[in-house]
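Hi there,

Here is the structure I promised to pass on.

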Amino acid sequence: MSSVETVEILGSKTIHVGYSIQSHIVSEIVRNKASSTYVIITDSNIEKAGHLASYKAKFLEELAVSRPESRLLTYVVSPGEANKTRATKESIEDYLLASGCVRDTFIIAIGGGIIGDMIGFVAATFMRGVRFVQIPTTLLAMVDSSIGGKTAVDTPLGKNFIGSFWQPDYVFVDVSFLETLPEREFINGMAEVIKTAAIWDEVEFTRLEQYSKSFLEVIRDRKADGTVDLTPLRDHILKLVLGSIRVKAEVVSLDEREGGLRNLLNFGHSIGHAYEAILTPQALHGECVSVGAVKEAELSRYLGILSSAAVSRLSKCLSSYGLPISLDDKILKSRVNGKTCPVDVVLKKMAVDKKNDGSKKKVVLLKEIGACYEPKASVVSDQDIRVVISDEVIVHPFVSPPKKVEVVPPGSKSISNRALILAALGKGECKIKNLLHSDDTGFMLKAVAALNGATISWEDSGDTVVVNGNGGDLIACPEELYLGNAGTASRFLTSVAALVKSNGDLNTIVLTGNARMQERPNGPLVDALRNNGSEITYLNNEGSLPVRVKTGKGLKGGRIELAATISSQYVSSILMCAPYASSPVTLALVGGKPISQLYVDMTIKMMEAFGIKVTQSETEPYTYHIPQGHYVNPAEYVIESDASSATYPLAFAAMTGTECTVPNIGSSSLQGDARFAVDVLRPMGCHVVQTETSTTVQGPPVGQLKALPQVDMEPMTDAFLTATVVAAVANDPKQTTTITGIANQRVKECNRIEAMRVQLAKFGVVATELPDGIVIHGIDYKNLKTPEAPGIHSYDDHRVAMSFSLLAGLAPAPVIIQERNCTAKTWPGWWDTLHTTFNATIDGHESSSSSATSTVVNNGDKSVVVIGMRGAGKSTLSKIVSQVLNFQVTDLDKVFEEKENIGIQDFIRKHGWEEFRVREEKITKECLSTLRTGHVLSTGGGIVESAASRELLKQYVKDGGIVLHLHRDIEETVSYLSADATRPAYIEEIQAVWKRRECLYKECSNSYFFSPHCSSDDEFKTLNASFANFIRTITGAPAPIPDSRSFFVCLTYKNLGDAKSDLPDIGIGADAIELRVDHLASFDEDFVGEQVSILRNHSSLPIIFTIRTKSQGGLFPDDDIAKIESLILLAFKMGVDYLDLELTLPAALLDSVSSKRKFTKIIGSHHDFSGTLKWNNVEWENRYALAKGLNVDLVKFVGTATTFADNIALEKFRADHTEIPLIAINMGEFGKMSRVVNPLLTPITHKALPSASAPGQLTIQEINEAANLIGLLPAKKFYVVGTPVGHSRSPALHNAGYKELGLPHSFELFDTGSVQEVNEKLFKSPTFGGCAVTIPLKIDVIDQLSELSDSAKTIGAVNTVLPLAAGGLRGDNTDWIGVAQSFYKSGVPKLSKQAGISGLVIGAGGTSRSAIYALNQMGCSTIYLLGRTASKLETVKDHFPSSYNIKVVTTAEQALGADPVSVIVSTIPGYSDLDSSLLESITAFLGNGKSQSLFQPTLMEAAYKPKVTHIMKTAEEHGWKTISGYHMLANQAEEQFKLFTGMSVSYDLIYNAVAAE
Ligand SMILES: NC(=O)c1ccc[n+]([C@@H]2O[C@H](COP(=O)([O-])OP(=O)(O)OC[C@H]3O[C@@H](n4cnc5c(N)ncnc54)[C@H](O)[C@@H]3O)[C@@H](O)[C@H]2O)c1
Ligand SMILES: [Zn+2]
């Protein structure tokens, strides 16, 4: 048996720790704890992992031997925080009671913290307390929750609110449980481990730092069954578990009931808990504590207690174990799906912390790594906490600046990077002080350690790095050296790699980085090294990382030529490694003047400090001689502070009259910005003393700075921002300050020259831009304005933020500075320095954007990129996108041809494919940045062939843009392309191309649309319409959830292709249509994609995408989680309206899916097919809580009824759960009733379907009939009123509709010319359901109504009256819908006004008003109104707002002069003889009809007698498409039916009723 370590807690050694110690655990319990009943309680995940079965077997075996009279019970609960409830506790207690458990019961809790806490609480109160043991199975539980005796359950108002202290008899920690623990849970537990070391044990913390890399590697290396082999980490994990347990046990023993000391364990939890309260359950406890710990460390730093180095050490350590260290962490953000932590809410949550002292908040402050500031939590002000947790700061006026200060800004980045390489290659120990902690230094330290080049350790709690170099003796390591996006590290290490020796058989090493790094150039350096004997191979992109370097080759030495016009880092890299070459090196920089000479000089000077003297050639320019040798490490090397950073404290002195010294930058510095004090501040009136190594500035009395007429800041460009804010308060009315030589500052983090001008203006300071500079018109500081909210924009640029924080302090009132965290790039502690050293008052401020609650933003006017194969319909569909969104189409192929001034084919013939792809990428990049908004960018089919272009597209998606992949059946593409003689293609060739590109398109896009085969013009029209709907959905205008009785129909076809003609009928009366993916013949993504498209094309109903698994009563394999995930992602890409998400899927999947939805609404569902869950079962409650946690849009719970009473229980559940829209029904014969009662999206079947999708499913007729019988759907009477109405088709049509849907209503004629009569006899009747209004009542009826729709108001007439639920009547006008719908259905899309399309209305009667309203709604920007009588026409025109742009036409001459029109509505009677002049005008318009790219000119005839009128005939002769009056009537009636009943009826039924005579 493995060894067991015991730890003492509260005086006894009851914590046992070991690896694979099951036998020990079981025999210990059975031997020492007599009981008649042992109960193991665990959760279903632990059971699934096999632990329950193995413990059960072991216990039974042991009991049989030692205690045959005792029994063993087991109980399994659902996992997850959602189940840590009083309800679950009750269910456990009920089980114990029912099983006859008494006071001697012994409970064994096997599980994570949730099981431990909850079962501990059960043990604490069951029979007034029974004995129990904890067997923690998560890392968090092992090191934290199982130790200390705290037990609890959650309540809806907060976590752990109900509980007690109850010590377990033992805690058995078997680390082997971690082998089955999921990765995220593992990492989660590390937060507590690191936290504990941070407050108590620096040695352990250092050990943790060293193990981080192998930790993640090992726990991410999962076996096929999801478990992990911990052997390589066994000792490490045992140690860290024991380390944490010892600390916790010690602290708990000293302070069992949380008097003070025990609070230290709460480091990171004050802020972390507040975050957790908001972000749970999407974010885990440890994840929140990790961010909280960083924030609390920052708070300690802000209060001047903790050093910057310690803060960065803590965050590095947490993040190296895979934990988030800020709320901006990408993974965390996507997990919480847009939830934000508003500062006020966080502070409020912090107020309920148990540690607090009344209203005073207490936080554990760190003094250094391994030690706390006080032996308890310290009182901290809200103001200080607010600064630390806010994204923005408010800088108050500097009222009491110090007289004299000394400031050491963070170390210079360039010097830090060089010092590390030199010390690592050097011999002996070197203590490096004031090192800047950056990505570059971090990666270099790791790499150097991995190559065994040096040992690295820390002193002064991280402020000093001790490098012990092996004198350049590096040996190969097997793991790849990952360098993230750290540019300097990659360049410096490339030469270092060439020096590495082989390690046994290992004779290569690999340098790699992230995606961005894999594009950064490294070619010239590699070329130079290759020419000097190194063997370096590019593994991916030519000229960039990753590279494989052959070890043992070394550098030959001699003459090395290097092109140094791109980066001076190449030069420094070779210079620093050159002493280790086999012969002395002469480095010649060729290809023109080398860039950034200053940095080369810096390298040479630093090499000298490490003992190697480089000499410059006397005969050749830019050529250096480097002797052989090795570096001798100085005992100590203090990194000079960053001179650019130093300008801020010095400028502070200048602006406030303070004396400020920077003690480690002086005249001997090689940093250009070191001249700032002498060259800029001194002439502005400061007293400057600069020695070789220090700089002191004494500012003049406030208000007396002088302008600097002209300064060339070329040698110190980064300091120009600081100079600019100083110049802003140089009060000299006649003199401006002109800064030049800073053109490069336009292409830094932002266009800094522009940024300064724009932000200065907010202070009332005028600046003007020069191409390479800026002119500042300084003013008296007393006249500065206070920038208004939202304050100063920092452009995420550290220098902008820091410079304006200085000017802010001189403004009359507090100033908001946005994005305060951007200073972290070079000076993470800047705000702390401003606060503690410069005595400035600072407040936190909530950014307006972060307090917004909306989770998904719509696309706005962001350009849409369209990709896909040639022939996939990109041009046509791009046009529709442009029409729907009012965007402009830009064809990138055309842009290419214009730019290059040559056809693409010719270009390729001349320059080859490769060159084409390179230029194509360049042009795409340009277009993506210059045409950011308002464009549809249609790309060439092969764009995805280039890796660089793919990155561009992926980045566009990452930045929130839409890349839409259009696709159509590949065989169709082939036949389409072969029909086009100008684009010759061969079938096999196209298919091969598709095969190659398919996954590339997928990888680069976030939206997908498949065009199914269209066999007729009509199908093509509906395709366009469904595509337009799709575009609206994916850009942010999805259909809302129905708010009244509604239904969805479930499609159980194998292939919708066979059911196209049935689909419209099947959807009758439904509000959504469900695609049961699990019923489909294939789960292939192409096939499923096609099915969605077919559905879209044959039904306009919102789509519910459902993958029902076998265990939930469907056909989809339960264990194919990967497939489920990929299909769900496909559904999101296709913008389906609803996704049915089974709540029993793995938590990680639920999480990731719910965070990736965009506008798709999620229905969290659970189907209890087995019928085991009654409605009072706690499982429903738990699932509901889980759904709530996932932020679903709807919940769908389906039980199984075995008695009628199950329906009653369900209704009680429904009544108690109203927070989220709920669909709840019972399956089975007994459950039918619940389908009738369910108010929202009830699933229905249809007789044309192959099968009902669930037992007991009803048709819509059946449901409506039953609803009427039980009083849920009272019969109503509807009428058509007016006179004469005798010939009206309305009764026939509506009554046919009622019959089709099983509605109990009736529709009658009511012939009258009197509004009074209608009012008395109909409106006042309790059964009145609504009426259609005709002549002569359309205007008169308005007086009786309490409310009018917009259309009725604008048209000035009512054709529909409806009773309102709250009493009163509403008038609507659906005539215009008849017009608009008729056009839409015949292929005229809804247009944007900017499309500039004109329409014509003929006639000036009542219908013409509806027609004008319709054309305006359809998007016509000009509407001509033609008739005989000018005065009548003018009256109609005046009735509408001027924005309708109506132009009256009365003569043929005017008609001929009008703009061409594309749509016409004729509203004059069909059988009347047309007078010849009117006919002439009409003919003029028809002759000048304008085809649009997407539709033919179209005329709608409002008259329906005769069926084909004279005007229609004339129109057809002129090539117009025509629509008869019957369609207008039918479309109007369809809309009216919907208003009256809330349901849709089939169009054919209506049309036939209308047209039947
Ligand atoms: N009492 C305390 O002092 C204290 C301290 C810290 C946290 N807590 C509480 O602990 C809870 C969190 O505990 P947790 O992080 O352990 O979560 P947990 O209990 O939910 O376990 C995490 C997940 O991992 C699964 N799991 C556990 N062990 C497994 C294993 N060996 N193999 C496979 N799957 C396994 C669980 O089923 C669960 O889904 C919170 O409710 C928190 O309030 C209590
Ligand atoms: Zn904790």
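Let's start at ligand 1: one of its oxygen atoms sits 2.7 Å from an N or O atom in the side chain of lysine 84. I'm calling that a polar contact, meaning a pair of N or O atoms within 3.5 Å; within protein, one must be able to donate a hydrogen and the other to accept it, and residues adjacent in sequence count only if both atoms are side-chain atoms. The protein buries 91% of the 860 Å² that ligand 1 exposes when taken alone (accessible areas come from the Shrake-Rupley method with a 1.4 Å probe, and for residues only the protein chains shown count as cover).

Before going on, some housekeeping: this is a predicted model, where local features need pLDDT of at least 70, side-chain atom pairs count only at pLDDT 80 or more, and totals for chains, interfaces and linings use all residues. Residues are numbered from 1 along each chain as its sequence is written, chains are lettered from A and ligands numbered from 1 in the order in which they are written, and side-chain values use heavy atoms, with hydrogens and water left out.

Back to ligand 1. Backbone atoms take part too: an oxygen of the ligand is 3.1 Å from a polar backbone atom of isoleucine 114, and a nitrogen is 3.1 Å from one of lysine 150. There are 25 residues around the ligand, and Asp43, Gly113, Thr137, Thr138 and Thr180 come nearest (near means that a heavy atom of the residue lies within 4 Å). By type, the shell splits into seven nonpolar, nine polar and nine charged residues. Here Ala, Val, Leu, Ile, Met, Phe, Trp, Tyr, Cys and Pro count as nonpolar, Asp, Glu, Lys and Arg as charged, and the others, Gly among them, as polar. Elements that each supply at least two shell residues include α5 (113-125) and α7 (183-200). Helices (H or I, at least four residues) and strands (E, at least two) are DSSP runs, numbered from the N terminus.

Which protein atoms hold the zinc ion, ligand 2, as donors? They are Glu192 (OE), His269 (NE2) and His285 (NE2), at 1.9 to 2.2 Å. Donors are N, O and S atoms within 2.8 Å of the metal (3.2 Å for Na, K and Ca), and water is not among the atoms, so sites may look incomplete. Along the chain the spacing reads E-x76-H-x15-H. Glutamate 192 in helix α7 and histidine 285 in helix α11 (residues 285-302) are 93 residues apart, so this pair links distant parts of the chain. Glutamate 192 is buried at 1% relative accessibility, and histidine 285 is buried at 17%. Buried means under 20% relative accessible area, exposed over 50%, and partly exposed in between (1.4 Å probe, protein chains only).

Next, strand β9 (residues 170-174). Five of its five residues are buried, so the strand is largely enclosed by the rest of the structure. Tyr170, Phe172 and Asp174 point one way, while Val171 and Val173 point the other. β9 runs parallel to β2 (residues 12-18), joined by four bridges, with glycine 18 opposite aspartate 174. It also pairs in the parallel sense with β6 (residues 131-136) over two bridges; there, valine 133 stands opposite tyrosine 170. Two strands pair if DSSP finds at least two bridges between them.

One last stop: serine 490, in helix α18 (residues 487-498). Serine 490 is buried at 2% relative accessibility, and its side chain reaches the backbone oxygen of glycine 487 at 2.7 Å.

Cheers!
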